[in-house]
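Open the model in your viewer and keep the sequence panel beside it. This tour goes stop by stop.

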Amino acid sequence: MIKDIIHTAEDKMNKTIAVLKKELASMKAGRANPTILDRLEVEYYGSMLPINQVANVSAPEPRLILIQPWEKSSIKNIEKAILKSDLGLTPSNDGSVIRLIIPELTEETRKNLVKNVKKIGEESKVAVRSIRRESNDKIKALKKNNEISEDDLKKAEDDIQKKTDNYIKEIDKIIEVKEKEIMSV
């Protein structure tokens with residue numbers, strides 16, 4: 001029972017880290033990164049699909065993203081999706097490919113991005129702590145129902161705390177790397 005609770009908590013904490021990494025990867029950091037387009041969807045034959053499922057997306061240069069649609073007819077829809085997004089990028093096309101030029105970041109923009117990164121990191125830490133609290137509550141309920149001993153309760157709480165501390169440290173490292181990436185561009 002305790003192992004299941006701890007295992008579930010660890011799974012949830014891993015998912016929190018995965019969400020954090022995905023969210024940070026989609027942030028514009030002044031360098032061309034095709035993953036900033038991952039959350040955009042394009043209308044394609046009546047369905048909404050991610051851009052990378054209707055086109056080849058690459059970054060041939062540090063400040064250029066190249067989008068090569070598999071069908072030229074989808075260029076307009078891809079442009080529309082980019083313009084509607086919060087990316088603040090203006091696509092240009094030559095009839096067969098779309099180019100997105102990533103502008104140089106100003107110092108103020110960098111600082112705002114770093115603030116946003118820290119905020120996202122803090123939200124991830126809150127999520128991890130919430131998972132810890134949830135798990136501890138389940139273990140305390142087992143103790144209350146006399147299903148486990150006081151020693152088992154303490155050991156389980158310690159295990160969960162150690163895992164929580166490790167995930168918080170990992171979040172800090174991920175945030176630190178992203179901050180350096182933003183400030184060094």
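In which helix is K125 found? Select K125: it is found in helix α3, residues 107-144. Helices here are DSSP runs of H or I with at least four residues, strands are runs of E with at least two, and both are numbered from the N terminus.

Before moving on, note that this is a predicted model, in which local features need pLDDT of at least 70 and side-chain atom pairs count only at pLDDT 80 or more, while totals for chains, interfaces and linings use all residues. Residues are numbered from 1 along each chain as its sequence is written, and side-chain values use heavy atoms, with hydrogens and water left out.

**Stop 1: helix α3**

Stay on K125. Is K125 buried or exposed? K125 counts as buried because its relative accessibility is 14%. The cut-offs are under 20% relative accessible area for buried, over 50% for exposed and partly exposed in between, with a 1.4 Å probe and protein chains only. Now show the neighbours of K125. Not counting residues up to four places away in sequence, K125 touches I168, I171 and D172. Contact means heavy atoms within 4.5 Å.

Next, select G121, also placed in helix α3. G121 has a relative accessible area of 2%, so G121 is buried. Its contacts, leaving aside neighbours within four places in sequence, are L20, I171 and I175. Draw a distance from G121 to K3. The two are 118 residues apart in sequence and 28 Å apart in space, C-alpha to C-alpha.

**Stop 2: helix α1**

Select residues 2-25, helix α1. Its end C-alpha atoms are 35 Å apart. The 24 residues should span 34 Å at 1.5 Å a residue, so the two values agree. The expected span is 1.5 Å times one less than the number of residues.

Colour the buried residues of α1: I2, I5, I6, A9, M13, T16, I17, L20 and L24. What do these buried residues pack against? They pack against α3 and α4, the latter covering 150-184. An α-helix has 3.6 residues a turn, so residues three or four places apart point the same way.

**Stop 3: the largest cavity**

A cavity is a set of points on a 1 Å grid over the protein atoms alone where a 1.4 Å probe fits but cannot get out; a pocket is an open set with protein on both sides within 12 Å along at least five of seven lines; lining residues have an atom within 4 Å of a point. Grid points are joined across faces, edges and corners, and a volume is the space filled by probe spheres set on the points.

The count comes to one cavity of 30 Å³ or more. The largest cavity holds about 30 Å³ of space. Select its lining: I5, T8, A9, K12, I131, E134, S135 and K138. The elements giving two or more residues to this lining are α1 and α3.

**Stop 4: the sheet**

Four strands form an open sheet in the order β3-β4-β6-β5, with antiparallel pairing. β3 and β5 (92-93) are the edge strands, each pairing on one side only. Two strands pair if DSSP finds at least two bridges between them.

Select β4, residues 64-69, where five of the six residues are buried. Strand β3 (residues 55-61) runs antiparallel to β4, joined by five bridges. A hairpin joins β3 to β4 through two residues. Then turn to β6, residues 98-101, which pairs with β4 in the antiparallel sense over four bridges. L64 stands opposite I101 in β6.

**Stop 5: the second largest pocket**

Which residues line the second largest pocket? Select E41, V42, E43, M48, N77, K80, A81 and K84. The volume of this pocket is about 150 Å³. β1 (41-44) and α2 (75-84) each supply at least two lining residues. The largest share, four residues, comes from α2.
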